[in-house]
Amino acid sequence: MTCRYLTYEDRKSLEALYADSVSLTDIASELGVHLATVYRELTRGGTGELDKNGRSGYSAALGQNRVSENFKRRGRRAANK
């Protein structure tokens with residue numbers, strides 16, 4: 001496994017697999033990422049509601065939006081004046 005960012009397509013796959021009650025270990029293997037990456041992504045894209053399986057909900061679009069916002073904030077901080 002290598003260090004890489006999840007794409008929106010990866011997030012949609014994660015959303016579909018998670019909704020189908022696939023184990024998180026199997027999702028990580030399917031996406032080719034570490035299990036910790038899956039856990040962080042589920043936190044990032046959490047909807048705050050329960051899904052049909054009684055687990056925390058996940059939205060690929062919400063996760064992608066949060067990543068995009070975080071990328072925009074990266075870089076040098078402006079001096080407070």
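Helices (H or I, at least four residues) and strands (E, at least two) are DSSP runs, numbered from the N terminus. Read along the sequence in these terms, the chain follows the pattern α-α-α-β-β-α, with 4 helices and 2 strands in it. The model is a predicted one, in which local features need pLDDT of at least 70 and side-chain atom pairs count only at pLDDT 80 or more, while totals for chains, interfaces and linings use all residues. Residues are numbered from 1 along each chain as its sequence is written, and side-chain values use heavy atoms, with hydrogens and water left out.

Taken along the principal axes, the C-alpha atoms of the chain fill a box of roughly 50 × 30 × 20 Å. Of its 81 residues, 27% count as buried, where buried means under 20% relative accessible area, exposed means over 50%, and partly exposed lies in between (1.4 Å probe, protein chains only). Contact here means heavy atoms within 4.5 Å; among the contacts in the chain with a separation of 6 or more, 48% are accounted for by residues 24 or more positions apart.

The axes of α1 and helix α2 (residues 24-31) come within 10 Å and cross at roughly 150°, axes being lines fitted to C-alpha atoms, for helices over the stretch in contact, with angles that run from 0 to 180 degrees between N-to-C directions. Angles under 35 degrees count as roughly parallel, over 145 as roughly antiparallel, 65 to 115 as roughly perpendicular and the rest as oblique. The helices α1 and α2 are therefore roughly antiparallel to each other. On the side of α1 the contact is made by D10, S13, L14, L17 and Y18, and on the side of α2 by L24, I27, E30 and L31. These residues of the contact of α1 with α2 divide into 6 nonpolar, 1 polar and 2 charged, given that Ala, Val, Leu, Ile, Met, Phe, Trp, Tyr, Cys and Pro count as nonpolar, Asp, Glu, Lys and Arg as charged, and the others, Gly among them, as polar.

D10, one of the residues of α1 in that contact, counts as buried because its relative accessibility is 15%. Not counting residues up to four places away in sequence, D10 touches R4, Y5 and L31. The loop between α1 and α2 holds S21, which at 45% relative accessibility counts as partly exposed. The phi of S21 is near 65°, a positive value in a residue other than glycine. Most residues other than glycine have a negative phi.

With helix α3 (residues 35-44) the arrangement is another one: the axes of α1 and α3 come within 12 Å and cross at roughly 90°, and the two helices are therefore roughly perpendicular to each other. R11, L14 and Y18 of α1 make this contact with V38, E41, L42 and R44 of α3, and by class it has 4 nonpolar, no polar and 3 charged residues.

The remaining helix to be followed is α4 (residues 60-73), whose axis comes within 8 Å of that of α1 and crosses it at roughly 145°. Here Y8, R11, K12 and E15 in α1 meet A60, A61, G63, Q64 and V67 in α4, a contact that by class has 4 nonpolar, 2 polar and 3 charged residues.

R11 of helix α1 deserves a separate look. R11 is buried, with a relative accessible area of 3%, and, leaving aside its neighbours within four places in sequence, R11 is in contact with L6, E41, R44, Y58, A60, G63, Q64 and V67. The side chain of R11 makes a polar contact with the side chain of E41 (2.9 Å); a polar contact is a pair of N or O atoms within 3.5 Å, where within protein one must be able to donate a hydrogen and the other to accept it, and residues adjacent in sequence count only if both atoms are side-chain atoms.

Y58 is buried, with a relative accessible area of 8%. Y58 and R44 are 14 residues apart in sequence and 8.5 Å apart in space, C-alpha to C-alpha.
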